[in-house]
Amino acid sequence: MGLTLIRKGDGARPKREPRIALVLAGGAVSGGAFKVGGMKALDDFLVGRKLADFDLYLGLSAGSILAVSLAAGITPDEMVKVLEGTSERMKQLRPVDFYNPNWREFFARPLKFSYDLLAYLPSVSADLVRGIPGLPDAIGPALREFVNDPNYTAAENVAMRLIEHVSPKREIPALTNHIPSGFFDNVSLERWLRENLERVGVPNDFRAFERKRSRQLYISACDLDTAERVVFGADENAEATISQAVQASTALPLFYRPARINGVDYVDGGVRHTANIDVAIEKGADLIVCYNPFRPFLNRIDAEERSHYFADGRYLSDRGLKVVLNQVFRTLLHSRLKLGVQRYLADDRFQGDIVLLEPRERDAQFFALNPLAFWKRSEAVQHGFESVRHTIEQNFDQLRAVFARYGLDMNRSVARRKADRARAARGWKAAPEPAEAGGDAAEPALRLVGADRA
């Protein structure tokens with residue numbers, strides 16, 4: 001796991017009544033499960049105040065589901081059970097909840113195209129018949145000019161006048177306008193979350209939720225028609241329910257159809273922003289813990305002793321279009337996040353600290369996981385758990401010092417005991433240290449960023 005500490009606060013003095021925010025980026029299925037495992041590892045290290053006890057929760061895409069769950073009091077350990085189907089508090093997220101075919105558009109749009117096409121032919125014929133009486137006036141002058149002086153330009157003018165007069169004034173129905181807007185419909189995810197919120201006894205309304213839970217919850221999505229970010233929350237856009245906001249935020253383009261809520265079409269929140277760190281700053285957060293599962297894979301290492309080395313001896317492009325798109329998608333998301341980090345460093349309003357958790361640059365195992373593969377969630381949970389646990393172990397003293405300023409206590413012995421119990425209960429084998437697993441010792445686990453260091 002990659003760990004970046006963005007230090008702007010004065011670490012010498014504890015912060016009085018700090019406001020702590022958890023920001024969860026997207027990740028689809030495997031990325032979301034990866035975050036669940038990682039959050040469990042981090043939660044195991046915390047003593048006293050846990051991840052479900054923070055002040056602000058901000059999520060987009062898959063992170064929105066996790067943000068809502070944590071804000072509702074569902075612990076990361078319970079989330080693992082939800083994915084496994086052993087939770088007594090929440091219903092399991094099933095494949096049918098995730099892969100819900102967009103039946104309506106797959107049937108309705110071809111029928112509409114057939115109807116428009118059939119209606120087009122008679123209407124064009126009728127327009128042609130109605131245009132015949134005016135044909136002499138339309139081409140007469142051009143025809144007389146051609147008769148008087150036969151040449152190519154005059155002939156072309158006659159042809160153009162004829163075509164212009166008899167051409168249909170209606171556009172032929174375009175097949176591209178009748179292609180379904182997405183393969184699946186995430187209304188099933190909205191229903192799953194709505195039923196689970198009712199099951200755990202928390203309101204499905206942002207304002208009522210904040211009053212009952214004393215937690216601020218924000219979900220972001222992208223308005224398809226304006227391309228602007230929309231933030232849902234008690235003091236933001238509160239017209240949609242919490243489950244509807246999650247439906248809007250998880251509407252991954254092409255995979256899901258846009259979520260139409262209260263007359264507005266929304267797509268995945270990750271289209272506009274990689275994370276919502278700026279919203280956390282605006283809401284007065286002092287410590288921000290951000291978890292971003294999408295990071296580009298470093299497939300080449302340029303060093304004096306081994307230049308142009310490629311993982312498995314292959315270029316990424318040799319592995320096909322899917323791998324290329326995976327890398328490009330991760331690069332776009334991560335580049336925006338890096339630019340955002342630079343803005344936060346220059347933002348005088350924010351004088352706190354940011355803890356940014358991401359996969360390691362050379363984490364080939366996680367990079368190989370299909371983000372939309374529901375059946376890989378267990379593998380992703382385990383990998384996320386071990387990755388974050390190893391990173392915290394390697395940087396325990398630095399991370400504990402940051403957290404201590406905001407009243408968060410960490411205990412390494414407690415975390416190790418919980419890790420042993422989790423492995424025993426689930427049959428997990430203890431993962432080797434990153435240096436043992438693939439030579440990642442050359443990659444620094446900790447990156448410090450501050451006003452005086454870039």
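At what angle do the axes of helix 2 and helix 10 cross? In this predicted model, the axes of helix 2 (residues 62-71) and helix 10 (residues 242-249) cross at roughly 155 degrees and come within 8 Å. Angles over 145 degrees count as roughly antiparallel, and helix 2 and helix 10 are therefore roughly antiparallel to each other. Their crossing is right-handed. On the helix 2 side, the residues in contact are S64, I65 and V68, which meet I242, V246 and S249 of helix 10. Sorted by class, this contact of helix 2 with helix 10 holds 4 nonpolar and 2 polar residues, with no charged residues.

The axes of helix 14 (residues 377-394) and helix 16 (residues 412-426) come within 12 Å, crossing at roughly 160 degrees. That angle makes helix 14 roughly antiparallel to helix 16. The crossing of helix 14 and helix 16 is left-handed. Helix 14 contributes F385, E386, R389 and E393 to the contact, while helix 16 contributes R412, R416, A419 and R423. By class, the contact of helix 14 with helix 16 comprises 6 charged and 2 nonpolar residues, and no polar ones.

The largest cavity holds about 50 Å³ of space. Its lining is formed by R295, P296, F297, R330, P359, R360, E361, D363, F366 and F367. In the lining of the largest cavity, 5 residues are nonpolar and 5 are charged, with no polar residues.

Key: Residues are numbered from 1 along each chain as its sequence is written. This is a predicted model: local features need pLDDT of at least 70, side-chain atom pairs count only at pLDDT 80 or more; totals for chains, interfaces and linings use all residues. Side-chain values use heavy atoms; hydrogens and water are left out. Axes are lines fitted to C-alpha atoms, for helices over the stretch in contact, and angles run from 0 to 180 degrees between N-to-C directions. Helices (H or I, at least four residues) and strands (E, at least two) are DSSP runs, numbered from the N terminus. Angles under 35 degrees count as roughly parallel, over 145 as roughly antiparallel, 65 to 115 as roughly perpendicular and the rest as oblique. A crossing is left-handed if the near helix is turned anticlockwise from the far one by less than a right angle, and right-handed if clockwise. Contact means heavy atoms within 4.5 Å. Ala, Val, Leu, Ile, Met, Phe, Trp, Tyr, Cys and Pro count as nonpolar, Asp, Glu, Lys and Arg as charged, and the others, Gly among them, as polar. On a 1 Å grid over the protein atoms alone, a cavity is a set of points where a 1.4 Å probe fits but cannot get out, and a pocket is an open set with protein on both sides within 12 Å along at least five of seven lines; lining residues have an atom within 4 Å of a point. Grid points are joined across faces, edges and corners, and a volume is the space filled by probe spheres set on the points.
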